[in-house]
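Student: I would like to learn how to read the features of a model like this one. Could you walk me through it?

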Amino acid sequence: MERARHILKTIFGYSEFRYNQAAAIAALLKGQDVLTLMPTGGGKSLCYQIPALIRDGAGIVVSPLIALMQDQVDALNQLGIKAAFLNSTLDHRGRREIEQALLEGALELLYIAPERLLTERMLTLLDRSDIALFAIDEAHCVSQWGHDFRKEYQQLSVLHERYPRVPRVALTATADQRTRAEIVDQLQLQQAAVFINSFDRPNIHYTIHEGQQPREQLWRFIQRQHPEDAGIVYCLSRKKVDSLAEWLKTKGREALPYHAGLSDQVRRRHQERFLREDGLIIVATIAFGMGIDKPDVRFVAHLNLPKSIEAYYQETGRAGRDGAPANAWMAYGLQDIITLRQMVQGTDAEERFKRIAHHKLEAMLGLCDLTTCRRQTLLAYFGESGAEPCGNCDNCNSPPRTWDGTQTAQKAISCVYRTGQRFGVNYVIDVLTGKDDERVRRNGHDRLSTYGIGDELTGVEWRSVFRQLIALGYLNVDVEGHGSLRLNEKCRTLLRGEFALQLRRQRKLEKPTPQKTRDEPVALGPFDESLFDALRARRLELSGEQGVPPYVIFHDSTLREMARVRPEHLRQMHRITGVGEHKLALYGETFLEVIRAHPPPALLDRELTEIVNPEPY
Ligand code: ADP
Ligand code: ZN
């Protein structure tokens, strides 16, 4: 472990291990198999990279994410590590060279797609090579239960059978227990040391809104909190993706659409630009994201309800992988619930699967309607109970107000009943609010006892009530028909008034969340924004010259620390987090130049007066 710590510091430029990295590395160094579950951005790669550097032979990394291999290998080469990949993007000669390097023991890490690894040719090659370990990345792909299932993953147990003495490490960020059990089972990891980290992502701030004008709300959020940051906005349909991207452009933000209806080429280009340029917004369907490794995504916004908590956690998890503050923001409406229920109902899946899907949707709705800490509930869902309220979600920061909605709900339910359970939300609201409407008159519903009994609430407020009644399971939406409302068994207790129903009052206007300042992790000198910009500009030049994404050179957090600490020579530069020996040699001088060209700013007026007139205490 001495060696491992030394490598952490000198090659990677980090001072401490995170989470269970140290334990996982120690187990692998002893030759044990390992299963590591860590949240996205936790630092899974280090768990196999460091042992691969220490043990004899090459570390073989199985990964389904071909598009990412180039970046991963670039990043390792930047650290001075001998890494390569084998996948379908290489030509014959390129492949030969790498195979040769492997045989000669000239590689420290080799990334490879599972289908290639499983070929007899490749296995024969491995028979003749020195192997330090096998790392099975994105190990949840082995599970049929999850949505990233790859059938080749199920054959990976061959590694264990063919190379019983080579330790294996399986890694995933998927939290649910069932997937975990399947990984152990399918990959024969019964003897493995298991390291499960908390799935909390403390740097992510959660906000969930009931959307009235979701687009405008989104824009206010972006403008206030992320005027220059990179982010992802998820929408349900391709049409919405296209129109929202256009709209954001008219607002002056560079926004790119991404969905399965675009050609491969366009999609690749947009993804590439998102990774390589600063401050782009990608507007996407859920087709986007698998394997997006960009560390400095500052926000993930949902303009639709995700279909499960798992999906929500995974999608929001793409924000803030670098550990700096980030936002998960969502606005959803009644229509989302109806659409998602329709989608579940409309599939040809077995009843059993439909039931599970419904269940998952209900859990997601529960998270939305919550009046207590979102993070607590999220973690409890993944089996981590006992967390304290987090202080970093909308409900913690401004607890939602509730009101006794018992009578109102009774009115709503009896109106659904009296109109014959044949109509959708809008119509029932028309009757409740006593709207003078041709269709209402024709149906004779203007003579019902419930006609006009609900004019104390506006149409918008009624929608919120109905949304909650549906989410709470008092009313059902007939998704096969035209979205007509039906009463659920559960209504009885409510109609009898056996308890008081607390409903959530909608927040009027979005309060700005008390965003922690972006540079909080390093609390040193005053932060010099213009120096930070200059450092970023130099990074962009370097990344352009070398054809790698900027964050492969240095992360934002590293540049931010430089802008605060202002190292004056190489030795000081080496102390900055993320500056290892190799990068110090490559870039130390050039970034020092930028710093020297930027003398510290004169003290700001405010600071000056504080120094001259200290606060009395
Ligand atoms: P994931 O678990 O999502 O695969 P990565 O392995 O990509 O995460 O790591 C996320 C980021 O955190 C990377 O940029 C990595 O360099 C950084 N990182 C990993 N371990 C540490 C550490 N011990 N200290 C500081 N940064 C770390
Ligand atoms: Zn909270």
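**Reading the model**

Tutor: Let's start with a count: there are 33 salt bridges, a salt bridge being a side-chain nitrogen of Lys or Arg within 4 Å of a carboxyl oxygen of Asp or Glu. This is a predicted model, so local features need pLDDT of at least 70 and side-chain atom pairs count only at pLDDT 80 or more, while totals for chains, interfaces and linings use all residues. Residues are numbered from 1 along each chain as its sequence is written, chains are lettered from A and ligands numbered from 1 in the order in which they are written, and side-chain values use heavy atoms, with hydrogens and water left out.

Student: Are Arg 375 and Asp 200 buried or exposed?

Tutor: Both Arg 375 and Asp 200 are buried. Their side chains form a salt bridge of 3.0 Å, N to O. This pair links distant parts of the chain, with Arg 375 in helix α16 and Asp 200 in the loop between β7 (193-196) and β8 (204-210), 175 residues apart.

Student: Where do Asp 556 and Arg 539 lie?

Tutor: Asp 556 is in helix α25 and Arg 539 in helix α23 (residues 529-546), so their pairing ties together parts 17 residues apart in sequence. Salt bridges that share partners join Asp 278, Arg 536, Arg 539, Asp 556 and Arg 560 into one network. The Asp 556–Arg 539 bridge is 2.9 Å, N to O. Asp 556 is buried at 7% relative accessibility, and Arg 539 is buried at 1%.

Student: How far is the nearest side chain of opposite charge from Glu 561?

Tutor: For charges, Lys and Arg count as positive and Asp and Glu as negative; His and the chain ends are not counted. Glu 561 is buried yet has no salt bridge, and the nearest side chain of opposite charge, Lys 9, is 8.5 Å away. Glu 561 sits in helix α25 (residues 556-565). Its side chain does have a polar contact of 3.1 Å with the side chain of Thr 577. A polar contact is a pair of N or O atoms within 3.5 Å; within protein, one must be able to donate a hydrogen and the other to accept it, and residues adjacent in sequence count only if both atoms are side-chain atoms.

Student: What are the protein donors of the zinc ion (ligand 2)?

Tutor: Donors are N, O and S atoms within 2.8 Å of the metal (3.2 Å for Na, K and Ca); water is not among the atoms, so sites may look incomplete. Here they are Cys 373 (SG), Cys 390 (SG), Cys 393 (SG) and Cys 396 (SG), lying 2.3 to 2.4 Å from the zinc ion (ligand 2). Along the chain these donors follow the spacing C-x16-C-x2-C-x2-C. Cys 373 is buried at 4% relative accessible area, and Cys 393 is buried at 0%.

Student: And how do I read the geometry?

Tutor: Four tetrahedral donors ideally make angles of 109.5 degrees. Four donors count as tetrahedral if all angles lie between 85 and 135 degrees. The site of the zinc ion (ligand 2), with angles of 102 to 118° among its 4 donor atoms, is tetrahedral.

Student: What is the phi of Tyr 19?

Tutor: Most residues other than glycine have a negative phi. Tyr 19 has a positive phi, near 40°, and lies in the loop between α1 (2-12) and α2 (21-29). Gln 421 also has a positive phi, near 55°, in the loop between α18 (406-418) and α19 (425-432).

Notes:
Helix = DSSP H or I, 4+ residues; strand = E, 2+ residues; numbered from the N terminus. Buried < 20%, exposed > 50% of the residue type's maximum accessible area, 1.4 Å probe, protein only. Tetrahedral: all angles 85-135°; square planar, octahedral: opposite > 155°, others 65-115°.
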